Amino acid sequence: MNDIIMTTGEADNKQRQKAGESYSGNKTDIAGQEQKKTMLSHAPDAHNATNKDDPEKMKPRMPEGDIAHPLAAWFENVKRDLPWRRTKDAYRIWVSEIMLQQTTISAVIGYYERFLTALPTLKDLAACPDDRLLKLWEGLGYYSRVRNMKKAAIQLVEQGLDNLPADHKALLDMPGVGAYTAGAIGSLAFGLRYPAVDGNVLRVMTRLTASYADNLKPAVKSYYEKEMKSLLDGCPDVDSGVFNEAIMELGETVCLPHGEVLCEECPLKHLCLTKAQGLQSELPVRVIKTKRRIEKKTIFLWEHEGRFAVRKRPETGLLSGLYEFPNTEGHLTEEAAVDFVEKMGGSVIAAERLKAGKHLFSHIEWQMIGYRVHVSKRPTGEDLCWATREEIFGKYAVPGAFDTYRKLIPDDKQRIGSGTD
């Protein structure tokens, strides 16, 4: 069976914060349940050209009633015990927020603890060599996140700071930090009254307002950020960090995607316009994503005297600066794979076809086949490093795209041509 590993797009992209259009959603008449149901059942969607461009007809209406207090009270009773919730340290909260972008909580916990053991302070991060930093991040994907963290750490240390600034604008000025991350760090570490609107929060707000707008549009996010900022400013007795965590928790555990909603557990069910009309399976509107480009690759495990070839990828582009196994475009036959090695000056003792693998990026799909090749003479190449199995797993940062083949690196007893029983 092919290994399939999903890597989704980078979260909190600053470009998505720069909305050049005014937001429009669905305006709901709540004069009566039947009238409201009729209007919502025929609410404009992405294919309704009649109302799509009329902001007044599509602008969502926030539900009337107290949102912040019941949400905060619910959260205090159900919140999960997570390591980043046990601290007010801005650096540690920042690390967790960057790691949690498009990554599950269960996957992040181990990385979070390992990262902070190795780099417990902002100054440690600023001084960390790139290869070691990428190795600490290995498996989380989208390495530009941690590169931006180091850039930000260097800038802050050069400014004479030993932690993140307690200022919203200064947080936004940090590389890799957008409105969501600045809102989360500021509210959780310093009590700043700014919302943190991520995908979970957008889903909650879309359902509360029964909006048919595309919440992937920057203008939609901008609209809800303004509404939530007003909501926070109107409830000064509710801790902003608690509020932000609570609404994110609601989206992660109750107001789930794809219609799998646990409405009876929701503290806001009495206010929710989507629940009132039974539109959970319709909202948020799902936008069809562009198909990924298919790229076929042949991956090589070249082995010589207990060492395996790896090379560093270019410093720009996809998976920049990380290590990979030698590979080439297309799917080679075994004969062509042997010929490829020999044309690079290698002498082949034996070759073995490996299982197929697949890796999904946000815009590309790699469809891979592989060969394990035992050589008596190494292929030439200035960019090749010959590393032991232990070094590949413990020293070199090899991205998850190559996990199918890294896991197949044999130990001493499994090597081709080995005389060991």
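View 1. Ala337 touches Phe300, Leu332 and Tyr371, not counting residues up to four places away in sequence, where a contact means heavy atoms within 4.5 Å. The model shown is predicted, so local features need pLDDT of at least 70 and side-chain atom pairs count only at pLDDT 80 or more, while totals for chains, interfaces and linings use all residues. Residues are numbered from 1 along each chain as its sequence is written, and side-chain values use heavy atoms, with hydrogens and water left out. Ala337 has its place in helix H15 (residues 334-343); helices (H or I, at least four residues) and strands (E, at least two) are DSSP runs, numbered from the N terminus. With a relative accessible area of 2%, Ala337 is buried, a word that stands for under 20% relative accessible area, whereas exposed stands for over 50% and partly exposed for values in between (1.4 Å probe, protein chains only). Ala337 and Arg353 are 16 residues apart in sequence, and their C-alpha atoms are 9.7 Å apart in space.

View 2. The chain has 421 residues, of which 50% count as buried, and its secondary structure comes to 17 helices and 8 strands. Among contacts between residues at least 6 apart in sequence, 73% join residues at least 24 apart. The largest nonpolar core has 60 residues, a nonpolar core being a set of buried Ala, Val, Leu, Ile, Met, Phe, Trp, Tyr and Cys residues joined through side-chain atoms within 4.5 Å. Helix H4 gives the largest share of this core, 7 residues. Leu164 is among the residues with the most contacts inside this core, and, leaving aside neighbours within four places in sequence, Leu164 is in contact with residues including Tyr91, Trp94, Met174 and Phe190. A second, separate core of 37 residues includes Tyr180, Cys235, Leu250 and Leu268. In soluble globular proteins, nonpolar side chains tend to be buried together.

**View 3. The buried face of helix H3.** In helix H3 (residues 68-78), the buried residues are Ala68, Leu71, Ala72, Trp74 and Phe75. Seen down the axis of H3, these buried residues fall within an arc of 160°, so they line one face of the helix; the arc is that of the directions from the helix axis to the C-beta atoms. An α-helix has 3.6 residues a turn, so residues three or four places apart point the same way. The buried residues of H3 pack against helix H12 (218-233) and helix H13 (240-253).

View 4. The structure holds 11 aromatic pairs; rings of Phe, Tyr and Trp (its six-membered ring) pair if their centres lie within 6.5 Å, and planes under 30 degrees apart count as stacked, over 60 as edge-to-face and the rest as tilted. Trp84 and Tyr112 form an edge-to-face pair, with 5.3 Å centre to centre and 80° between the planes. This pair links Trp84, in the loop between H3 and helix H4 (90-99), with Tyr112 in helix H5 (residues 105-118), 28 residues apart. Both Trp84 and Tyr112 are buried. Tyr323 and Tyr396 also form an edge-to-face pair, with 4.7 Å centre to centre and 65° between the planes, and this pair spans 73 residues, from strand S4 (residues 323-324) to the loop between helix H16 (389-394) and helix H17 (403-406).

View 5. Glu138 lies in the loop between helix H7 (130-137) and helix H8 (144-158), and at 11% relative accessibility Glu138 counts as buried. Among the residues that Glu138 touches are Phe393, Tyr396 and Arg406. The charged end of Arg406 sits over the ring of Phe393, 5.4 Å from its centre; a charge sits over a ring if NZ of Lys or CZ of Arg is within 6 Å of the ring centre and within 35 degrees of the ring normal.

View 6. A cis peptide bond, with omega about -5°, joins Leu283 and Pro284, and Pro284 lies in the loop between helix H14 (273-277) and strand S2 (293-304). Ala210 has a phi near 55°, a positive value in a residue other than glycine, and Ala210 is in the loop between helix H11 (199-209) and H12. Leu319, in the loop between strand S3 (307-312) and S4, likewise has a positive phi near 55°.
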